[in-house]
Amino acid sequence: MKQAAKRLNADFVMLNRSYTSVFALYSKRLKIKTVGEIPVGATIGISNDDSNQDRALKFLKHLGLINLKEKSGEYFTVQDVIAHPKNLKVKELDNYALARALDDLDLAVAYSSFLLQAKINLTPIALDDIGIADKKYATGLAILPDKANDPNIQKLNKLLLDPKLKDFINTNYKGTVVPSF
């Protein structure tokens, strides 16, 4: 939301959040099932946009695959990766390109929904459970502040928390997104 606001020179307020996209570590090339099997020097693709790159780097650190120096700005970037025994080679790619690049990468941190759209069916090596639980990564209704009390906006905002939406997400998205309410 912050990136869009900056790009559009606008202010937004976040109302209700409805779902979180599942973020995970995948490999098509390596036939591995655990993080411990990742070889030294493996090439890993991560998103090139600020917020998703920050999330991916925190996830990789949590998995014990990289070390990060103190954050120098609002987000961690690949420049914040410091020496680690796994010596992973980190490649920055567009979110949508990560799924297509799995043939050329050892690993990728990607959204399950992007793999589903690309018709790639892989079992994740590890799920970003911490990111999934963190509401700041949930998708929600972002609006201009002067529209916050608009009756139609409030009606839509209420629908984002409807149990029927939760059922729809669980039935139709098969674990690629999860309700955040």
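Me: Which residues line the second largest pocket?

Reply: Keep in mind that this is a predicted model. The lining of the second largest pocket consists of Y26, S112, L115, L116, I120, N121, L122, P124, Y173, K174, G175 and T176.

Me: How much space lies in the second largest pocket?

Reply: About 180 Å³.

Me: And what gives the most to its lining?

Reply: That is α4, with 3 residues. By class, the lining holds 7 nonpolar, 4 polar and 1 charged.

Me: Now the largest pocket. What volume does it have?

Reply: The largest pocket comes to about 870 Å³. It is lined by 27 residues, and M1, S51, K136, Y137 and A138 are the closest to its centre.

Me: Which elements give two or more residues to that lining?

Reply: They are α1 (2-8), β1 (13-21), α2 (50-62), α3 (95-100), α4 (112-117) and β9 (139-143).

Me: How many of the lining residues are charged?

Reply: There are 9 charged residues, alongside 10 nonpolar and 8 polar.

Me: You listed Y137. What lies over the face of its ring?

Reply: R55 does, at 4.6 Å from the ring centre of Y137. There is also K166, which sits over the face of F181 at 5.0 Å from the ring centre.

Me: Switching to aromatics. How many aromatic pairs does the whole structure have?

Reply: The search finds 4. One of them joins Y111 and F114 edge-to-face, with 5.6 Å centre to centre and 75 degrees between the planes.

Me: Is Y111 buried or exposed?

Reply: Y111 is buried, because its relative accessible area of 10% is under the 20% cut-off. F114, at 14% relative accessibility, counts as buried too.

Me: Which residues form the aromatic cluster?

Reply: F23, Y96, Y111 and F114 form one cluster.

Me: Last topic, the nonpolar core. Which residues in the largest one touch the most other members?

Reply: L25, I38, L60, L107 and V109, out of 25 residues in that core. At least two residues each come from β2 (23-26), β3 (43-47), α2 and β7 (107-111). Of the elements, α2 gives the most to this core, with 4 residues.

Me: What lies apart from it?

Reply: Another core, of 11 residues, including A101, L105, A110 and L115.

Terms used:
Residues numbered from 1 in each chain as written. Predicted model: local features only at pLDDT ≥ 70, side-chain atom pairs only at ≥ 80, totals over all residues. Heavy atoms only, no water. 1 Å grid on protein atoms, 1.4 Å probe; cavity = no way out; pocket = protein on both sides within 12 Å on 5 of 7 lines; lining within 4 Å. Points joined across faces, edges and corners; volume = space filled by probe spheres on them. Nonpolar A, V, L, I, M, F, W, Y, C, P; charged D, E, K, R; others polar. Phe/Tyr/Trp six-rings, centres within 6.5 Å; stacked < 30°, edge-to-face > 60°. Buried < 20%, exposed > 50% of the residue type's maximum accessible area, 1.4 Å probe, protein only. Lys NZ or Arg CZ within 6 Å of the ring centre and 35° of its normal. Core = buried A, V, L, I, M, F, W, Y, C linked by side-chain atoms within 4.5 Å.
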